Amino acid sequence: EVWTINGTAKVFGGSGSSSIAAKWDSTGPQGYFEEGSRINAIVQSNDLTTTWTISNAADMNAVVADQYVSTDGTTTMDKISPKNTTAVHSIDEAFTFTAAVYTCAIDFRYIPATPQRWVAIILNDGTTTWGASFDLLNGVVGVVSAAAAGIGTATSTITATAQPNVYRCTITTTTAMLAAAGTVKISCNATDTATLESALRAGTELLGAGFVQLEAAAFASSYIPTTTVAVTRAADVLTYAVAGNISNTIGTVLAEYLQSPSATLVNPTGPSILGDSGTAAVWLYIAATNYSAATFDGTISAGGSVAQPANGTWIKGWAKWETGGNKSASYNGISATSTTSYDGSYGAPTAIQIGGRGAGGASFYGTIRNVKVYASALPDAQLAALTA
């Protein structure tokens with residue numbers, strides 16, 4: 001078996017088939033972790049003592065670097081603390097926005113002994129302001145800003161991390177200004193409000209913050225560290241030889257996959273589990289309509305009629321095809337309810353790409369494991385048993 005890896009993000013040591021991008025949890029590697037290329041446009045992403053500024057020295061203490069344990073287990077999360085005043089208590093980072101969809105993600109630590117319960121992420125593109133409030137006591141999203149003057153409403157997520165009391169918080173919105181001087185703000189609020197709140201603080205509240213990311217994208221990818229300049233992460237590209245391993249005549253593929261909870265579907269066919277690296281054909285993908293498992297031979301799709309759980313849940317999916325017969329797909333022990341005749345070709349495949357297709361397209365943004373390719377069209381009953 002020969003694996004080819006392009007890009008450097010998340011690649012751990014080893015050679016050959018063991019040298020792949022891996023997703024880890026407390027029990028060890030969980031599978032191949034695939035993401036497309038992204039740029040973290042914010043500078044000083046994990047040092048809020050440098051180019052970040054406090055709202056007012058009379059109202060905010062200086063940020064203190066490296067006070068708390070971050071999501072990756074290192075003590076690199078900074079301390080933010082308001083003073084005992086009635087005012088806006090925030091820190092800001094300047095950023096020049098263009099007209100695009102942006103997602104900002106920040107890790108926050110809730111400190112039970114001296115809690116800063118409510119925190120808001122606020123974006124300003126030079127004209128319009130959007131914000132989202134987060135309840136760090138309960139780990140839930142609070143108020144999110146409404147639509148502004150015909151510009152889209154912001155959306156927001158909060159996700160618990162491997163570190164207790166640390167949450168990854170995100171806000172996504174569409175900015176309208178062209179090359180306008182704006183800001184990314186963190187506001188230590190007293191209540192559930194998606195604005196810069198002027199409120200009385202006790203002066204004892206503490207908040208951990210770090211791993212800031214700003215992407216021109218509709219959802220957050222994994223953290224990309226920056227210092228003085230924006231940083232681009234190359235797409236993860238993992239391919240497997242076609243010759244002797246997969247056939248246009250007949251076959252079955254199976255895989256387990258877990259898409260990142262914040263990831264959104266990519267039209268027209270959706271995120272790819274196993275695709276052809278050279279064309280639009282994809283042996284197994286997530287349908288954009290209802291997250292169902294599906295297959296696409298470059299012309300016609302099959303499957304996709306049984307809605308599967310949304311991203312953030314492990315799925316066992318399959319697809320099969322047979323010349324002179326049909327192609328179909330399903331998942332998690334459910335027999336296919338929709339089949340389409342198979343024309344005998346997925347094109348002329350260049351390579352089996354895990355987590356993508358067509359020169360890096362339809363990136364999966366998640367974890368894939370236990371990929372299997374069979375030289376036969378397995379019966380639905382057997383596939384149901386294998387994926388239950």
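This is a predicted model: local features need pLDDT of at least 70, side-chain atom pairs count only at pLDDT 80 or more; totals for chains, interfaces and linings use all residues.

Colleague: How many cavities of 30 Å³ or more does the structure hold?

Modeller: Rolling a probe the size of a water molecule over the atoms shows where empty space is left. Here there are 2 such cavities.

Colleague: Which residues line the largest cavity?

Modeller: The lining includes Tyr-257, Leu-258 and Gln-259, together with Ile-286, Tyr-291 and the run Gln-308, Pro-309, Ala-310 and Asn-311. Strand β21 (residues 250-259) contributes the most, with 3 residues. By class, the lining divides into 7 nonpolar and 4 polar residues, with no charged ones.

Colleague: How do the residues lining the second largest cavity divide by class?

Modeller: There, 5 are nonpolar, 7 are polar and none is charged. Among them are Ser-292, Gly-303, Gly-304, Ser-305, Tyr-331 and Thr-337. Strand β27 (residues 326-331) gives the most to this lining, with 3 residues.

Colleague: Let us turn to the cores. Which members of the largest nonpolar core touch the most other members?

Modeller: In soluble globular proteins, nonpolar side chains tend to be buried together. In this core of 34 residues, the members with the most such contacts are Leu-48, Ile-80, Phe-108, Leu-136 and Ile-186. Elements giving two or more residues to this core include β9 (90-97), β10 (101-110), β11 (118-124) and β16 (180-189). The largest share, 5 residues, comes from β10.

Colleague: What does Phe-108 touch, not counting residues up to four places away in sequence?

Modeller: Its contacts include Val-119, Ile-121, Leu-136, Tyr-167, Cys-169, Ile-186 and Leu-207, and also Asn-165 and Gly-208.

Colleague: Finally, what is the strand order in the open sheet of 6 strands?

Modeller: Strands of a sheet pair through backbone hydrogen bonds, either parallel or antiparallel. In this sheet the order is β5-β9-β16-β11-β12-β13, and the pairing is antiparallel. The edges are β5 (53-54) and β13 (140-144), each of which pairs on one side only. Within the sheet, β11 and β12 pair over 7 bridges, and Trp-118 stands opposite Asp-135 in β12.

Note on methods:
Residues are numbered from 1 along each chain as its sequence is written. Side-chain values use heavy atoms; hydrogens and water are left out. On a 1 Å grid over the protein atoms alone, a cavity is a set of points where a 1.4 Å probe fits but cannot get out, and a pocket is an open set with protein on both sides within 12 Å along at least five of seven lines; lining residues have an atom within 4 Å of a point. Grid points are joined across faces, edges and corners, and a volume is the space filled by probe spheres set on the points. Helices (H or I, at least four residues) and strands (E, at least two) are DSSP runs, numbered from the N terminus. Ala, Val, Leu, Ile, Met, Phe, Trp, Tyr, Cys and Pro count as nonpolar, Asp, Glu, Lys and Arg as charged, and the others, Gly among them, as polar. A nonpolar core is a set of buried Ala, Val, Leu, Ile, Met, Phe, Trp, Tyr and Cys residues joined through side-chain atoms within 4.5 Å. Buried means under 20% relative accessible area, exposed over 50%, partly exposed in between (1.4 Å probe, protein chains only). Contact means heavy atoms within 4.5 Å. Two strands pair if DSSP finds at least two bridges between them.
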